[in-house]
Amino acid sequence: MIGGIGALQFKPAIDGAEAGSPGLLQGGVGTQASESVGGSFAEALSQAATKTVNTLQNAEQMSIQALKGDADTRQVVDAVMSAQQALQTTIAIRDKVVSAYLEISRMNI
C-alpha cells in the first residue's frame, strides 16, 4: 500500500547537491502551497489585493519622482510594468470570482 507523500524517497542528485530536502521544490508550487497552509482564502485574497495596491502606489510615486527629475526612466518603466502585471493579475482573479459566482447562482437547488 502507498504510504503517502511523506514516504517518497528522492534519489541523490548527480552533482552532490542535497536531494530530498524541503528545498527541493523551492520556488515551485509545492513550496507556495506549504506556505499558505493555515491561511484562509479571504486572507490570501486580502494579501494579494494589498500587494497590488502597494505596487500601483509605488509606480505612481516613481512616476511623480521621474517628473521631478529624481528617478531614472528605467526605474519608472520597471515600476509601471510591474504595476500593469499586478493589475492584470487582479483583473483575471476578479473575472474568475465573478464567473464562479454566476455559475453557483445558476445551480438548481
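Tutor: A nonpolar patch joins Val, Leu, Ile, Met, Phe, Trp or Tyr side chains within 5 Å, from residues with over 30% relative accessible area and no salt bridge. The model here is predicted.

Student: Which residues form the nonpolar patch on the surface?

Tutor: Together, the residues of the patch have about 350 Å² of accessible area. Helix 2 and helix 3 are the elements that give two or more residues to it. The members are F41, L45, I93 and V97.

Student: Is I93 buried, partly exposed or exposed?

Tutor: I93 sits in helix 3. Buried means under 20% relative accessible area, and exposed means over 50%. I93 has 35%, so it falls in between: partly exposed.

Student: What pattern does the protein chain follow along the sequence?

Tutor: The chain has three helices. It has zero strands. Read in order, the pattern is α-α-α.

Student: What share of the residues of the protein chain counts as buried?

Tutor: The accessible surface comes to about 9,400 Å². Carbon and sulfur atoms hold 59% of that surface. Of the 109 residues, the buried share is 9%.

Student: Which element supplies the largest share of the largest nonpolar core?

Tutor: That core has six residues: A59, M62, A71, V76, A79 and A83. The largest share, three residues, comes from helix 3.

Student: Which residues is A71 in contact with, leaving aside neighbours within four places in sequence?

Tutor: A71 is itself a member of the largest nonpolar core. Contact takes heavy atoms within 4.5 Å. With close sequence neighbours left out, the partners are M62, Q65, A66 and V76.

Student: Which residues of helix 2 are buried?

Tutor: The cut-off is under 20% relative accessible area. What covers the buried residues of helix 2 includes helix 3. The buried residues themselves are T52, A59 and M62.

Student: What do the buried residues of helix 3 pack against?

Tutor: Start with the list: V76, A79, A83 and A86 are the buried residues of helix 3. Their packing partner is helix 2.

Student: How far apart are the end C-alpha atoms of helix 2?

Tutor: Helix 2 has 28 residues. At 1.5 Å a residue, the span should be 40 Å. The distance in the model agrees with that: 41 Å.

Student: How far does helix 3 reach from its first C-alpha to its last?

Tutor: Helix 3 has 33 residues. The expected span at 1.5 Å a residue is 48 Å. The reach is close to that, at 48 Å.

Student: Which residue with positive phi follows helix 2?

Tutor: Its phi is near 90 degrees. The residue is G69.

Student: How far apart are the C-alpha atoms of M81 and L56?

Tutor: M81 lies in helix 3. M81 is partly exposed, with a relative accessible area of 48%. M81 and L56 are 25 residues apart along the chain, and their C-alpha atoms are separated by 9.9 Å.

Student: Which side chains meet in a salt bridge?

Tutor: Side chains of opposite charge can pair when their charged atoms come close. The count comes to one salt bridge. Its N to O distance is 2.8 Å, and the pair is D95 and R94.

How values were computed:
Residues are numbered from 1 along each chain as its sequence is written. This is a predicted model: local features need pLDDT of at least 70, side-chain atom pairs count only at pLDDT 80 or more; totals for chains, interfaces and linings use all residues. Side-chain values use heavy atoms; hydrogens and water are left out. Helices (H or I, at least four residues) and strands (E, at least two) are DSSP runs, numbered from the N terminus. Buried means under 20% relative accessible area, exposed over 50%, partly exposed in between (1.4 Å probe, protein chains only). Accessible areas come from the Shrake-Rupley method with a 1.4 Å probe; for residues, only the protein chains shown count as cover. A nonpolar core is a set of buried Ala, Val, Leu, Ile, Met, Phe, Trp, Tyr and Cys residues joined through side-chain atoms within 4.5 Å. Patches are made of residues with over 30% relative accessible area and no salt bridge: like charges are joined within 9 Å, nonpolar side chains (Val, Leu, Ile, Met, Phe, Trp, Tyr) within 5 Å. A salt bridge is a side-chain nitrogen of Lys or Arg within 4 Å of a carboxyl oxygen of Asp or Glu. The expected span of a helix is 1.5 Å times one less than its number of residues.
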